[in-house]
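This briefing accompanies the structure shown below.

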Amino acid sequence: MTGDADRADYAAVQRAREGLAEVTAGAGVTAAALGLDLRREELDALGERIRGDTYRILMLGQGNRGKSTLLNALLGAKVLPAMPRATTALPVSVVWDTDRYVVLHPDGSEPPLTLPIEETGISRSGEVWQALTIDLKNRHRPGAVRHAELHWPAELCRDGVVLVDSPGFNQEPWLQQATLNALKDADVVVFVIAADLDLEPVEIGYAKDYLRPYGHEDFFVACTRIDHIADDERDGHIEYLTEYAQDSLSVAAGRVFFLDSRSALDLRSTYPGSTSARSDELAATGLPALEAALEGHLVAERAAVKVVVPARRLALAISALRTEVEARQSLRKQRHDEARARCATVRAELGPLEERRDQIRDRIDTSLEHIGLQVDAAARRFLLAAAEECSGWLDGIEAKNKIGLSPFKAKQQAEAVAAEITAALSAAFEARFVQWQAEELNPEVTRQLEKLAARLDEDFLAFTAQADKIRLVLTPMADAAPDVDVDAADRPTGERLLAAAVAALVAGAGAAPIGARFGFKDAVKALAPQFALGVAAYAVGGPIGAFVVQLLGSVVAGKFLAAKAGSTIARSIADSLAEHLRDSADAEAARLASAVTEGLGNLKPIACQTLDAEIEAILRQVAVAEEAAADAEGAVDDRALADHARTLDDHALRVEEILRNWQGR
């Protein structure tokens, strides 16, 4: 390209950016006039990004997928904390600098703190490490530092490029929000997944529901840990995962890269500054290919990136403002008395909706109680059957310790034989318990959960349909809208609630990503680890543990000293174990049932919390409608709303034109 062409292209970029900045400022004025402070702040931040000259490359992915290790490999040193668990607690921006230091930015109550770091990276025992890593004891709340800026002489960061490490999604709510904030500011995204793990639904959903809505139609996929795949299986796995990523994530064919980040980091740190040493080994790690692709992307498309990505974000913001204006215009079309009447009707109809919620809660209680009774009965049958099998377990046991003729060693020898036989019988019982759990207990509990899950799917869909019918009352279109068939609920609408509830079961309350598309039937597998923990807790302190304590006390007391042969001691111990199992069957069965139901205890509060949130959302809508009805004149009159609508339409057309001119470049 000639110098004149370069200048002409630069001038076109500047004109497009100036146009976007002007539209962003105008949309911010509209947001302020409507009292939408958060939307105005978002537009202000977008305007700063459009006017800025930095290009931010974000490492995005779930926790413990190798984002920090990959970034360290790009830096050529073990700079950032990286451990075999979710590690990064806040966004870290890496900028070019000949010096090496980090700036920690607190939450606003304190000034930024600048700290030096060594060439070898950040010390584990230092203040910087503690600030950048997740505090396992307090991971449910954010630390004092909100983001960090690392200054480092990284070649990729020359010319205004900023590399950004993120905490990852599908974690604690505050970590997810920090990751989302970093995504909003990103110009280019490297979506990091693990080659040795299946591409998970939450990863596919995040790409669909967050990456593209925030303007990232074109992004890179970095498949880390390819070295974990056996050499003879690697080529086939790469072909499979490439096709799967292209199909599931809708990513371009040349945007999927496979990396051995750890080996690349070792080579870079061992041969710093060298471009030739071990170049073949470094190329085999896949890192140079990703670097070349990123550099090529920035050279060829950085202008379009600086225009297209923020333009898509701006188009979404304008659309949201237009929807808000339409909603306010719709509310103002309602007569004052009519609006009050609609609000009163909604409040009255919330009673039946709350009754349906209570019915769902009672159904969960009843089902969990039934599961407990089923487990109790099954456990009692197992323990009584095991009591009958005790004597048969002796056939495969031959004590190594023997009882001699000396009366002076009789007690010591009897204790040794008893301890050995007890250990063998304990192992036999535990093996039988594991077999019973896998073949009878787990399948039975799963069947009961699946029955409950199927009914909860129906209940949630019906609840949502009833809630949506109530919402229609608040709009003028309600009179012309067809009746909602509560028993034939609209599935996409109902899945909104199911997604929130099930995601909360899988990842904790507040961690339901937008666009999750599964119901309680699929949540059974999410409950399995909790159910297994309950059974494990029971097994640790089960009937065998209590029996061993009793038995050893009996041996010390001399109960078995009268027996002159090890076989007689073994028979006595087996009989004692059988008697103990019979005597404790009721109590132990009840304890196991309690452990199982306790393991499933998260189901009720999560379900109720989700239903309560839906009712509270309707109440908030009623409050807004009542406020609008009480203030018929309003702060913004009909003419002002119409002016806002026309202005936003003009903004949308300008952004659409810019996108049309730049998306194909």
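The points below are grouped by topic, from the whole protein to single residues.

The model is predicted. Its secondary structure comprises 18 helices and nine strands. The protein has 665 residues, and 46% of them count as buried.

**Overall make-up**

- Contacts between residues at least 6 apart in sequence were examined across the protein, and 82% of these join residues at least 24 apart.

**Helix H3 and its packing against H8**

- Two packed helices are described by the angle between their axes and the distance between the axes.
- For helix H3 (residues 67-75) and helix H8 (residues 261-270), the angle is about 30° and the axes lie 8 Å apart.
- Because angles under 35 degrees count as roughly parallel, H3 and H8 are described as roughly parallel to each other.
- The crossing in which H3 passes H8 is left-handed.
- On the H3 side, the residues in contact are Thr-69, Leu-70, Asn-72, Ala-73 and Leu-74; on the H8 side, they are Ser-261, Arg-262, Ala-264, Leu-265 and Arg-268.
- By class, this contact of H3 with H8 consists of five nonpolar, three polar and two charged residues.
- H3 is largely enclosed by the rest of the structure, because nine of its nine residues are buried.
- The buried residues of H3 include Lys-67 and Ser-68 as well as Leu-71 and Leu-75.
- Gly-76 follows H3 and has a positive phi, near 85°.

**Packing of H6 against H7**

- The axes of H6 and helix H7 (residues 231-249) cross at roughly 45° and come within 10 Å of each other.
- H6 and H7 are therefore oblique to each other.
- Glu-203, Ile-204 and Ala-207 are the H6 residues that meet H7, where their partners are Tyr-244, Ser-248 and Leu-249.
- The contact of H6 with H7 is made up of four nonpolar, one polar and one charged residues.

- Arg-212 belongs to the loop that runs between helix H6 (201-211) and strand E8 (220-224).
- Is Arg-212 buried or exposed? Its relative accessibility is 19%, and the cut-off for burial is under 20%, so Arg-212 counts as buried.
- The side chain of Arg-212 forms a polar contact with the side chain of Glu-217, at 3.5 Å.
- A polar atom of the Arg-212 side chain also lies 2.8 Å from the backbone oxygen of Ser-250.
- Residues up to four places away in sequence aside, Arg-212 touches Ala-207, Glu-217, Phe-219, Leu-249, Ser-250 and Val-251.
- Two of these partners also take part in the packing described above: Ala-207 on the H6 side and Leu-249 on the H7 side.

**Val-308, in helix H10**

- Val-308 is placed in helix H10 (residues 287-332).
- With a relative accessible area of 7%, Val-308 is buried.
- Which residues does Val-308 contact, leaving aside neighbours within four places in sequence? The contacts are with Leu-659, Trp-662 and Gln-663.
- Val-308 and Val-655 are 347 residues apart in sequence, while their C-alpha atoms are 9.6 Å apart in space.

Technical notes. Residues are numbered from 1 along each chain as its sequence is written. This is a predicted model: local features need pLDDT of at least 70, side-chain atom pairs count only at pLDDT 80 or more; totals for chains, interfaces and linings use all residues. Side-chain values use heavy atoms; hydrogens and water are left out. Helices (H or I, at least four residues) and strands (E, at least two) are DSSP runs, numbered from the N terminus. Buried means under 20% relative accessible area, exposed over 50%, partly exposed in between (1.4 Å probe, protein chains only). A polar contact is a pair of N or O atoms within 3.5 Å; within protein, one must be able to donate a hydrogen and the other to accept it, and residues adjacent in sequence count only if both atoms are side-chain atoms. Contact means heavy atoms within 4.5 Å. Axes are lines fitted to C-alpha atoms, for helices over the stretch in contact, and angles run from 0 to 180 degrees between N-to-C directions. Angles under 35 degrees count as roughly parallel, over 145 as roughly antiparallel, 65 to 115 as roughly perpendicular and the rest as oblique. A crossing is left-handed if the near helix is turned anticlockwise from the far one by less than a right angle, and right-handed if clockwise. Ala, Val, Leu, Ile, Met, Phe, Trp, Tyr, Cys and Pro count as nonpolar, Asp, Glu, Lys and Arg as charged, and the others, Gly among them, as polar.
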